[in-house]
Amino acid sequence: MSLLSGVGERLREGLRRSQEFLAAGLGAVLASERPIDDALWEELEELLIAADLGAALAADFANRAREEVMFGTVTRAAELRPLFRRFLLDALAPAAQPLDLDHRPAVVLMLGVNGSGKTTTCAKLAAQLRAGGKSVLLAAADTFRAAAIEQLQRWGERIGVEVVHQAAGSDPAAVVFDAVKAAAARSLDVLIVDTAGRLHTKSNLMDELAKLRRVIARQLPGAPHEALMVLDATTGQNGFAQARVFHEAIALTGVCLTKLDGTARGGIVVRIVRELTLPIKLIGVGERLEDLQAFDPAAFVDALVPAG
Amino acid sequence: MLDNLSTRLQTIFDRLGGRGRLTEENVQEALREVRVALLEADVNFKVVRTFVERVLARAVGQDVLKSLTPAQQVVKVVHDELVELLGGSGHRLAPAPHPPTVIMLIGLQGSGKTTTAAKLARHYTTQGQHPILAAADTYRPAAQDQLQTLGAELGVPVVGAPGEAPLAICRRAREEAAARGLTPLILDTAGRLHIDEPMLEELRAIRREVAPHHVLLVVDAMTGQDAVNVAERFNRAVGIDAVVLTKLDGDARGGAALSVRSVTGRPIAFVGTGEKTDALEPFHPDRLASRILGMGDVLSLVERAQASVDQEQAEALVRKLREDAFTLEDFRAQLRQVRQMGPLDQLLGMLPFGRALRGAPQELTAESADLDRFDAIIASMTPGERRHPDTINGSRRQRIARGSGTSVQDVNRLLKQHAQLRKMMKQLKGMEGKLPRMKGLPGFPTPRG
Ligand SMILES: Nc1nc2c(ncn2[C@@H]2O[C@H](COP(=O)(O)OP(=O)(O)OP(=O)(O)O)[C@@H](O)[C@H]2O)c(=O)[nH]1
Ligand SMILES: [Mg+2]
């Protein structure tokens, strides 16, 4: 299936476009033959910070690297590059997990803050599953934002997938109820639910989301099988708070990291993976339908610390 | 979790100050905390570096070394410096000598351009003007419908139909604005990457041909370190005149604003604080400075309270915050009142020392079950105990727990949280006057409008 094939290729292509931003970055510092001194440590830390790993995590990685230097396993600045790559890869390897769609219907709930890329990701996923021979249904449960329903409908028309919807302003729970019923009755493979963007700090909106989840679970025990938080790779430290609060509110099954075709590296997911043990199930690398891929830790680490 | 910067600095200076006079190195050590705080707030690391150097120079030159309250002094210097860097408040988009005034919105995908376009239209409508919108995002499905819907709600005309090119839409909108005497004209463009050359060229073409008076870069307040690249690229490729910071109603600290400001030198004109079209506010550098430092934003808190509850309730909340005599009765009343206000955790997070405080009430508000339990506990106390919680010793705690059907741990937790709140409020009082630029603190200012 296309989600699993050609993994990382588009990502790398996207990365090439932004190589110039990295040229003066981590790669250059790590590759140099300079001595290992305080200035180097500071730069290394700052470069991890520049990828949005966060000050604390950057310090943590640097300290672990320092230990290796102390024990004499690493003596040259150039060796720090593989070391950091290993740390990152170790941290991220468990995060590469496929979608669990082995149910009929499998229900995927797409959620996240405003503008992160939920609707587009729903459409991309639907298109790829469809291309893989699955029967798919979309549910327009963002009844709040102006023309959000139309946005999903346009996608539906374009990819030939039916979109369950009601009038703008109607109860999203009712839309979801109808959609689950239809998907089950017709024994479809996958139902993908697009929800309204919401900031994790709005407790009433988080309650609404929890309610959507309950409505789905009541109709279809075990569902939703995927509750994915869509996270914009440009997001800084707030991304962690988003993941934590959404996870607490409705038990996420993973994260979709979008907009990796920009120059941001999405380093906040390292913290999300480490501290919340959430997998990264999908990545978005552009606005086209094919710009959705499985998460490939090696390719991701390549972007953070190029092999040189 | 990030502790409050003031608290952390206090700890450092307490430790250092115990050994006599402070040195420049001491201040330097303290500034490491400032650095971490700024990085956690998503200020770009390069911007942080220069900022900390500036603060060091200024802090050493001032009375920090001799001060009895060095932590407060450092915070003040940092805060003042931030306010200065963030630039003046009340940046107005000057009207063009020959209407229409044209405002163009640009930015990354999902940053909030369309919503901001509608908000601006509403803003100018309430000022008695007659704006017009151009829906020039022809790429994202239904982006034009989105603006059409918002325009219809506001009674503002929207130009732009499917099949028409972005440049043509903007041109036609300008002609229509001139012909109908509508101003300002607000151009909503498609979100695009700052490294997407063909798409940047489209913006340049619009800029050339339609000659907007104000090009606004719309930036998501949650943006991380990459904000500098985004701002710099857009500025270089298209040119920007001012910035709109969106989604400030979340709990992102908004350090990206400082990054954008430092690399472009452009002022922040507006901030977006909600999804509805009325949630657009003028920018206040002092509030954002406090927020970036995690020092809370009492002014916004008060305004938020006023917006979500009636005047009387808001005043009661403010009064309780200021009162030192804060009994368990007040505690209960406040919990109940604040539960009605909705996102309490958010409100409390905006308070000075709110971080320390936040752990406690979040626990409280997360589950109403806890609130019910707290209700029961307080109900089982004597009036005297409610007024003087310090008299509640071990055996009384056992009695209260039995009486309320809870455990001694529950009672302890309640008392602890109440004590924390009181302590925090004392600190809040103690800070009044020491940070003269934190407008919200000294007098809990009068309501807006
Ligand atoms: N460059 C790039 N743009 C993306 C990607 N994913 C989504 N976008 C764009 O981001 C913008 C917002 O995407 P939406 O899918 O509408 O986001 P949303 O989360 O549904 O937004 P709301 O429903 O308004 O909260 C659109 O312009 C998308 O084309 C990606 O991987 N890369
Ligand atoms: Mg959407």
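**View 1. Residues around ligand 1 in the predicted model.** By class, the shell around ligand 1 holds 14 polar, eight charged and four nonpolar residues. The structure shown here and in the other views is a predicted model. In total, 26 residues surround ligand 1. The closest are A:Gly117, A:Thr120, A:Gly197, A:Gly284 and B:Gln109. The ligand lies between chains A and B. Helix 7 of chain A, residues 118-131, gives the most to this shell, with three residues.

**View 2. Helix 11 of chain A and what covers it.** Helix 11 runs over residues 238-250 of chain A and has 13 residues. From its first C-alpha to its last, the helix reaches 18 Å, close to the 18 Å expected at 1.5 Å a residue. Its buried residues are A:Asn238, A:Gly239, A:Phe240, A:Gln242, A:Ala243, A:Phe246 and A:Ile250. An α-helix has 3.6 residues a turn, so residues three or four places apart point the same way. After helix 11 comes A:Ala251, whose phi is positive, near 55 degrees.

**View 3. The open sheet of chain B.** Eight strands form an open sheet in the order 3-2-4-1-5-6-7-8, with mixed pairing. Strand 3 (158-159) and strand 8 (280-282) of chain B stand at the edges; each has a single partner strand, so one side of each is left without a neighbour in the sheet. Helix 5 of chain B, residues 113-126, packs on the sheet. The strands that helix 5 touches include strand 1 (102-106), strand 2 (132-136), strand 4 (185-189) and strand 5 (214-220) of chain B. The direction of helix 5 makes about 170 degrees with that of strand 4 of chain B.

**View 4. Strands 6 and 7 of chain B.** Strand 6 (residues 242-246) and strand 7 (residues 268-272) of chain B pair in the parallel sense over three bridges. Here B:Leu245 stands opposite B:Val271 in strand 7 of chain B.

**View 5. B:Glu25 in helix 2 of chain B.** B:Glu25 lies in helix 2 of chain B, which covers residues 24-40. Is B:Glu25 buried or exposed? B:Glu25 is exposed, because 9 other C-beta atoms lie within 10 Å, and a residue counts as exposed at 12 or fewer. The C-alpha atoms of B:Glu25 and B:Arg192 are separated by 46 Å, and the two residues are 167 residues apart along the chain.

Conventions:
Residues are numbered from 1 along each chain as its sequence is written. Chains are lettered from A and ligands numbered from 1 in the order in which they are written. This is a predicted model: local features need pLDDT of at least 70, side-chain atom pairs count only at pLDDT 80 or more; totals for chains, interfaces and linings use all residues. Helices (H or I, at least four residues) and strands (E, at least two) are DSSP runs, numbered from the N terminus. The expected span of a helix is 1.5 Å times one less than its number of residues. A residue is buried if 20 or more other C-beta atoms lie within 10 Å of its own, exposed if 12 or fewer, and partly exposed in between; C-beta atoms are placed from the backbone. A residue is near a molecule or strand if its C-beta atom, placed from the backbone, lies within 6 Å of it. Ala, Val, Leu, Ile, Met, Phe, Trp, Tyr, Cys and Pro count as nonpolar, Asp, Glu, Lys and Arg as charged, and the others, Gly among them, as polar. Two strands pair if DSSP finds at least two bridges between them. Two residues are in contact if their C-beta atoms, placed from the backbone, lie within 7 Å. Axes are lines fitted to C-alpha atoms, for helices over the stretch in contact, and angles run from 0 to 180 degrees between N-to-C directions.
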